[in-house]
There are 2 protein chains.
Amino acid sequence: MINQAYKQMLQGKSVIRQLSEFATARGKEIGYENVFDYSLGNPSVPVPKEFNDGLIEMIGSKSSMELHGYSPSVGIPSVKDAIAESLNKRFGMNYTGNHIFPTTGAAGAIAHAVRCVTEPGDEVITFAPFFPEYFPYINGTGACLKVVPANTKDFQINFEKLDEMFNEKVAAVLVNTPNNPSGVVYSAETLTRLADYLNKKQEEYGHDIFLISDEPYREIVFDGIDAPYVSKFYDNTLSCYSYSKSLSLPGERIGYVAANPKCTDAELISAICAQISRGTGHNCPSSMMQYGVANVLDMTSDMAVYEKNMNILYDELTALGFEVVRPGGTFYIFPKALEDDAVAFCNKAKEYDLILVPSDSFGVPGYFRMAYCIDTEKVERSIPMLRKFVKECYGK
Amino acid sequence: MINQAYKQMLQGKSVIRQLSEFATARGKEIGYENVFDYSLGNPSVPVPKEFNDGLIEMIGSKSSMELHGYSPSVGIPSVKDAIAESLNKRFGMNYTGNHIFPTTGAAGAIAHAVRCVTEPGDEVITFAPFFPEYFPYINGTGACLKVVPANTKDFQINFEKLDEMFNEKVAAVLVNTPNNPSGVVYSAETLTRLADYLNKKQEEYGHDIFLISDEPYREIVFDGIDAPYVSKFYDNTLSCYSYSKSLSLPGERIGYVAANPKCTDAELISAICAQISRGTGHNCPSSMMQYGVANVLDMTSDMAVYEKNMNILYDELTALGFEVVRPGGTFYIFPKALEDDAVAFCNKAKEYDLILVPSDSFGVPGYFRMAYCIDTEKVERSIPMLRKFVKECYGK
């Protein structure tokens with residue numbers, strides 16, 4: 001019979017997707033260029049030319065069996081080695097290829113990392129605001145996601161609430177920095193405090209507690225500052241990465257899990273992930289895409305547009321009286337709505353063809369997310385409409 | 001803590017992989033050309049040139065966001081439509097794109113199909129001989145794989161044993177035709193009888209019983225005969241396909257689930273599969289690979305070598321007195337060993353640099369598998385060694 005739990009999931013349509021569909025439909029009425037669609041976190045800049053050039057070059061130079069043949073279930077050795085080397089150079093780590101497990105994007109990375117370090121029934125803690133897909137991602141593994149309420153002052157970690165919720169069943173803590181939806185980058189101070197806390201708890205409970213770091217926005221940071229590399233702070237860290245955002249390759253489903261060389265069973269993580277794959281039907285990302293990203297590991301797309309858009313929006317929102325934490329990265333900004341009910345606020349904005357995502361599904365009521373991975377020209381054109389909306393609806 | 005069940009799986013090394021590693025190591029000693037490596041089912045012929053040409057053409061003509069952007073979670077509509085149309089034309093079906101769910105190969109297809117039509121604890125029945133990865137594939141979903149003993153006369157279905165094992169908890173039956181490892185193609189008679197049986201059981205138990213058809217070898221058939229299309233015989237069929245073998249693309253992880261338009265909830269299967277993906281980290285195959293296969297749907301690699309190799313081996317094995325069912329497809333042959341203990345038989349063959357896979361892990365004792373997806377020239381060179389082995393060890 002058809003599985004009832006999965007069938008039931010069809011009822012719970014994603015708010016983000018509903019808004020995106022609304023924007024598309026509205027675009028058909030008035031022209032999509034007139035819809036200020038801040039709904040989707042979809043990269044708006046092209047992949048570096050070198051990536052596509054690399055694909056073409058490999059089609060010419062590699063044999064069919066080499067380019068399109070089976071990847072070993074732990075990933076292609078030369079690709080794993082190259083990723084390790086790039087991370088070592090950039091973040092002062094000492095990975096070997098054996099610590100790297102190529103995955104189908106960050107979703108695939110999290111699916112493996114969580115299964116690797118939890119038993120069914122264990123708890124995984126994350127922090128609001130958070131990416132709503134964490135619920136199906138984590139609960140689909142057999143573990144149970146628990147959400148620590150937000151620290152709305154600066155969207156760093158709410159350590160008091162973390163301590164209230166922590167218990168012996170917590171097997172892993174999941175962080176996302178730079179953060180979707182807040183745009184905030186966890187500071188070195190936050191990460192140090194988190195690491196100290198987890199080390200203390202490991203000792204108290206006498207078992208490993210893993211830090212799973214979801215970092216697809218790692219390279220999208222502003223003001224010329226690097227985001228602290230989470231794994232530097234805590235040994236039992238599994239870093240989950242995707243090239244979706246940094247190389248604008250979301251459809252190619254390519255990323256990795258990187259196991260900190262000092263974590264428990266560090267040399268086995270990759271092999272355990274390959275075992276996990278057998279049950280999930282994952283069996284490695286595309287061979288060609290593994291080779292493809294290995295060609296351009298230290299590159300990113302030209303992402304200057306995101307910082308430019310952020311500055312325009314941050315300045316304007318602040319001028320309009322919004323309470324908003326300045327993003328340190330990503331292509332999201334997360335201001336407080338002008339009324340308590342964020343859904344009502346975003347519904348009113350829709351009347352002005354401003355597509356904003358209410359914060360409720362991110363685990364914080366009363367805020368909204370704008371995904372500004374769109375052309376700067378459109379951001380600029382949206383400003384008069386934003387002013388009009390705020391003035392007419394809230395008298396500001 | 002590290003998940004103990006997955007860690008435990010590291011102990012159970014695949015026999016096929018061990019033999020393949022032995023062959024590689026032996027190749028370093030005596031030259032790989034002198035090792036008659038029949039261990040791995042890895043396509044030995046290149047992808048059609050049109051596939052690679054198509055990739056290059058798309059890199060030049062499609063925008064980065066179109067080519068490498070997010071696929072909808074149910075797959076790219078134009079690709080789904082094209083697959084449906086090709087299947088309709090070839091097999092007289094009436095699929096629409098909505099019945100097609102693109103997956104990461106057949107492994108991904110089975111992972112989705114089984115989750116879609118079972119509840120945890122349900123039984124899935126398959127037939128020996130079978131692909132040993134079915135155990136992690138099926139048991140990883142929460143269902144439980146049961147194996148019906150082989151009909152060693154012709155490797156069609158053993159219906160008596162099937163009936164003995166059938167019970168109310170059976171939610172799905174998994175068939176693989178053309179079959180790995182036997183090479184046998186299920187006849188129309190077998191499929192008709194199976195469909196009649198399942199229809200009767202559906203009525204008896206008052207619930208759906210799905211037929212999951214794993215058919216990556218569908219296009220590798222001999223004697224100019226087409227393999228019967230399983231879904232034509234039974235409405236509640238989910239066809240699981242991979243382009244790994246027919247297009248020699250095993251590393252690109254691209255295939256699909258095709259839901260029979262008459263099956264229960266046929267219009268929802270694709271959407272339910274997309275929900276399943278959220279928990280497994282699958283999130284669609286590579287966009288570029290979806291477009292890539294859509295360019296060459298009605299093509300295959302030049303697979304004439306497989307039939308040529310089969311004929312050489314079948315004739316020789318028969319002449320040497322082996323009991324062997326003539327394969328109707330695939331690139332496998334599955335003769336009876338010359339002693340009861342297939343492991344002992346294959347170990348002796350290793351002394352002659354003949355790498356044969358004992359049948360125990362395929363669910364039938366006393367046989368062995370040869371994967372003849374290798375150059376014909378090597379098959380021919382292996383014959384004198386096969387004769388020598390049989391003569392010296394078994395006096396034949």
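**View 1. H3(A) passes H3(B) in a left-handed crossing.** In a left-handed crossing, the near helix is turned anticlockwise from the far one by less than a right angle. This is a predicted model, in which local features need pLDDT of at least 70 and side-chain atom pairs count only at pLDDT 80 or more, while totals for chains, interfaces and linings use all residues. Helix H3 spans residues 49-61 in chain A and in chain B. The two axes come within 10 Å and cross at roughly 160 degrees. The helices are therefore roughly antiparallel (over 145 degrees). A:Asn52, A:Leu55, A:Ile56 and A:Ile59 meet B:Asn52, B:Leu55, B:Ile56 and B:Ile59. Contact means heavy atoms within 4.5 Å.

View 2. The same surface serves both copies: 100% of the contact residues of chain B recur in chain A.

**View 3. A:Met385 is found in helix H14 of chain A.** This helix covers residues 376-394. A:Met385 is partly exposed, at 23% relative accessible area (buried is under 20%, exposed over 50%, partly exposed in between, with a 1.4 Å probe and protein chains only). Beyond neighbours within four places in sequence, A:Met385 is in contact with A:Phe36, A:Tyr352 and A:Leu354. A:Leu354 is 31 residues away in sequence, yet 7.6 Å away in space, C-alpha to C-alpha.

**View 4. Chain A has a mean pLDDT of 96.** This score is the predictor's confidence in each residue, from 0 to 100. In chain A, 100% of residues reach 70 or more. The model scores ipTM 0.95 and pTM 0.96.

Technical notes. Residues numbered from 1 in each chain as written. Chains lettered and ligands numbered in written order. Heavy atoms only, no water. Helix = DSSP H or I, 4+ residues; strand = E, 2+ residues; numbered from the N terminus. Axes fitted to C-alpha atoms, helices over the stretch in contact; angles between N-to-C directions. Parallel < 35°, antiparallel > 145°, perpendicular 65-115°, else oblique.
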